[in-house]
Amino acid sequence: MERDQAVLAPMANAIRALAMDAVEAANSGHPGMPMGMADVATVLFSQFLKYDPAAPKWADRDRFVLSAGHGSMLIYALLHLTGYAAPTMDDIRKFRQLGSPCAGHPENDMLEGVECTTGPLGQGVAMAVGMAIAERHLNATFGSDLVDHKTWVIAGDGCLMEGVNHEAVGLAGTLGLGHLNVLWDDNKITIDGDTSLSTTEDILARYAASGWHTASCDGHDFADIARALAEAAADPRPSLVSCRTVIGKGAPNKQGGHNVHGSPLGKSEIEAAREYLGWTSAPFEIPVDILANWRAAGAQGSAARAAWEARAAAHPQGAELARRMAGELPADTGAAAYVESLIATPPTVATRKSSEMALEALTAAIPEMVGGSADLTGSNNTKTKATGPLTKDSYGGRYVYYGIREFGMAAAMNGMALHGGVIPYGGTFLVFSDYCRNAVRMSALQHLRAVYVFTHDSIGLGEDGPTHQPVEHVMSLRMIPNLLVFRPADAIETAEAWSLALANAHRPTVLALTRQNLPPVRFDAEMKSAKGAYRLVTASATRKVVLMATGSEVAIAMDVAKALEAEGVGADVVSFPCWELFDEQDAAYRADLLPADALKVSIEAGVTLGWQKYVGDGLTIGIDSFGASAPAPVLYDHFGLTAEKILPRIHARLS
């Protein structure tokens, strides 16, 4: 609803007061951005944003992303003032303290109303692109009666400088995501000082060249802000609005300078700011009339939410949308029948091909799966018959051509998962996981079901050489908490990995897959990969050795075991597709699989660091150097990853 300056200015000053008081109480934080963007945020939340604090997870709400997550007190103040159940004023008093939901940067699992975890600059904008993709896709699937909302973003100069921003902006422009609106806090300041120290680009021109609508406004003129936001909301293109602001607005001696960005104002400056703003209330106190105006703004969305609920209840597809938004899988995912077909006809194929075969079954049965690749579709094997292209002219498609934008792809996948109603998966080469690593980390931190299809997983890719041969990547990904990393050995393990990835609604998954063909090693449907590691071959002779391997090296371990058994040395083979799941098994299972009285040997075509926790004083066989350019069989022999070269090392240890 339209409001005049006399009402809006005190509402904005309430944000400023909470921001400076909370940062001062914590003696830590960033008051500059919340104070500078208070006027823009007030217009957005009182006149444009569709939301209902009484129903924070309402499916058709607008999404608001604070990409400039360091200014977290902006969103904490907005949530409290508009009437969300949390944060309470006591939570805000404990800003940045252990146990308070008002963390230093917003975290999506701590407060309803925080749509995503932000702080790593640029990723908020990129996740918002994913949210906008999900909204357009679900709109095309279910129609405007059920899905028709916008994604609004507040971003700073840092967000727009980051490389991932360029990737996200290009993708959004190509897809014509007209329901995406980015409000740029154009205050000309970064931590180091004026932005002229580090950039001279014409940002509006860059966005316009990428297919965006652009607009500008005085970020402290409520009418001008409303004009620009209305233009953005109406334009069929994604929009960037330059909101010219003064960082730390309201702090008379510090506003406009870089020192107000990330430090408390100090007692004397807060006193001066109160006088400057005409704010007479004590810290953490909001005048009744101002709070009433904010609560009225927050209540505006209740009628729209109730009307939507009535439409959804009567709509023939309402229940299906609810299922997808709840993250529930269909009763039949197609996985069981597919695994039975593998048992009947075991294939010798690369696990990237095994993944494609699994995806053919899964995407046909699970319509919310939306795939894509960073320009490696034919190599990652990520496209299926059921997943037509998702384009500007066909949002109902289920396959995104991300282009050579690995980081942007991963961040957009996070946004899709956060939005709900979509299960995203995307592919690139494993060696390029470094390009998108921080977004993978953010998947794990936010507890998102996103599936990363990382192919060409070792020296087994051959002649492309060490620039493309990952050696440290699988191990480094295993270091990320709450991330499942699978390196399957054959088609059945790959199918199991996909089923487990989809069943884990609150954990992302990496599938590390081969380029080279692998023989089948499994011929049953027991879902053994669910335990992370399992005994694939049991020793015939008295067990003296336990061979552990992943992916393409499982078949090598089986050859080693066969040779040892021929010599009378009993050897188990343990397939180890997922460390994380194995570590979650009880102590008895783990001890039985890796007994103390046997020589334990790990075999993996990657760095050996990390395997020591399983082998103890046993053998770690792998590659602790970069690879080389040669055919894969030559490389496996060169790096000692053949049965013939592994056997003497085991003999030496046994003797």
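Helices (H or I, at least four residues) and strands (E, at least two) are DSSP runs, numbered from the N terminus. The structure is a predicted model, in which local features need pLDDT of at least 70, side-chain atom pairs count only at pLDDT 80 or more, and totals for chains, interfaces and linings use all residues. Residues are numbered from 1 along each chain as its sequence is written, and side-chain values use heavy atoms, with hydrogens and water left out.

Helix H16 spans residues 351–365 and includes Thr351. Thr351 has a relative accessible area of 0% and is buried (buried means under 20% relative accessible area, exposed over 50%, partly exposed in between, with a 1.4 Å probe and protein chains only). Apart from neighbours within four places in sequence, Thr351 is in contact with Pro488, Ala489, Asp490, Thr494, Leu513, Thr514, Gln516 and Leu518, where contact means heavy atoms within 4.5 Å.

Helix H12 comprises 12 residues, 288–299, and its first and last C-alpha atoms are 16 Å apart, close to the 16 Å expected at 1.5 Å a residue (the expected span is 1.5 Å times one less than the number of residues). Ile290, Trp294, Ala297 and Gly298 are the buried residues of H12. These residues line one face of the helix, because they fall within an arc of 100° when seen down the axis of H12; the arc is that of the directions from the helix axis to the C-beta atoms. The buried residues of H12 pack against helix H1 (5–26), helix H3 (38–48) and helix H4 (73–82). Val288 and Asp289 are exposed and lie on the face of H12 turned away from its buried side.

On a 1 Å grid over the protein atoms alone, a cavity is a set of points where a 1.4 Å probe fits but cannot get out, and a pocket is an open set with protein on both sides within 12 Å along at least five of seven lines; lining residues have an atom within 4 Å of a point. Grid points are joined across faces, edges and corners, and a volume is the space filled by probe spheres set on the points.

The largest pocket holds about 770 Å³ of space. Its lining consists of 33 residues, with Met325, Ala417, Leu418, His419 and Gly420 nearest the centre. At least two lining residues come from each of helix H13 (302–314), helix H14 (318–326) and helix H18 (406–419), and H14 gives the most, with 6 residues. The lining of the largest pocket has 15 nonpolar, 9 polar and 9 charged residues (Ala, Val, Leu, Ile, Met, Phe, Trp, Tyr, Cys and Pro count as nonpolar, Asp, Glu, Lys and Arg as charged, and the others, Gly among them, as polar).

The second largest pocket holds about 270 Å³. Of its 17 lining residues, His70, Leu121, Gly158, Thr190 and His261 are the closest to its centre. Helix H7 (157–161) and strand S4 (189–190) give two or more residues to this lining.

The search of the whole structure finds 4 cavities of 30 Å³ or more. The largest cavity contains about 80 Å³ of space, and its lining residues include Phe45, Tyr51, Arg61 and Glu115. This lining divides into 8 nonpolar, 1 polar and 3 charged residues. The second largest cavity contains about 70 Å³.
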